[in-house]
Amino acid sequence: MTGEPPAVEERLSSPVGISHAGLFWGFTRISLVGFGGVMAWARRALVEERGWLTSQEFTSLFGLSQLIPGPTITNLSVCVGARFQGATGAIVSLLGLIAAPFLLVLAIASLYSRYAAHPAVQAMLRGIAAVAAGLILAMGVRMGRDLGRSLPSWSFTLLILAGVLLLHLPLALLMLALAPASMLVAAWQKRRTP
């Protein structure tokens, strides 16, 4: 042993390093810090801060989580939890993700029903919407960097973007239609790279 820390790939291959408590509190923190814009914070926490996933692994799990029915972030939490601690890890990660926001939503709902018409509350909600849009855009830019200069990856990305924005096609339909072709291209690229 050289005394150097293990590479990210080595750490990720061993699920023992992340406990149930680590998964619970990690996803609780993600849900509280990213309240209203969780996915951008999830990427930052899982890839940049904690190093649980590489950037490419996050992008792959993010894509898979979008294909599975249900909210993307809950699907992602289940995938990450299952990866590191199996079925119990999936449950613990999901509970960590939803417990605190559930309690917060109950509290906010009672306040909103009382103060919804107040101009300051309306202004605050507009500001929160702008912040959420910015977080989503920032995550998209970071994930775009992961694509690098891969022409096929950018081609599929632009096809989906054009289909949604210009042709107003449902995102799920486009993803299902293009997924087989993108998987074939990715497999072909992987075989070509030594």
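**Entry 1, after helix 3.** I began at Gly-51, which follows helix 3 and has a positive phi, near 70°. Helices here are DSSP runs of H or I, at least four residues, and strands are runs of E, at least two, numbered from the N terminus. I noted that this is a predicted model, in which local features need pLDDT of at least 70 and side-chain atom pairs count only at pLDDT 80 or more, while totals for chains, interfaces and linings use all residues. Residues are numbered from 1 along each chain as its sequence is written, and side-chain values use heavy atoms, with hydrogens and water left out.

Which residues are buried in helix 3? In residues 38–49 I found Val-38, Met-39, Ala-40, Ala-42, Arg-43, Ala-45, Leu-46 and Val-47. Buried means under 20% relative accessible area, exposed over 50%, and partly exposed in between (1.4 Å probe, protein chains only).

I looked up the aromatic pairs and found 4 of them. Rings of Phe, Tyr and Trp (its six-membered ring) pair if their centres lie within 6.5 Å; planes under 30 degrees apart count as stacked, over 60 as edge-to-face and the rest as tilted. Phe-24 and Trp-25 are edge-to-face, because their planes stand at 90°, with ring centres 4.9 Å apart. Phe-24 is partly exposed at 26% relative accessibility, and Trp-25 is exposed at 56%.

Phe-58 and Phe-62 are stacked, at 6.1 Å centre to centre and 15° between the planes. Both belong to helix 4 (residues 55–67), 4 residues apart, about one turn of the helix, and both are buried. I also wrote down one aromatic cluster, formed by Phe-27, Trp-52 and Phe-84.

Most residues other than glycine have a negative phi. His-168 counts as exposed, at 64% relative accessibility.

Leu-169 is in that loop too, and counts as partly exposed at 34%. Helix 7 gives the patch its largest share, 5 residues.
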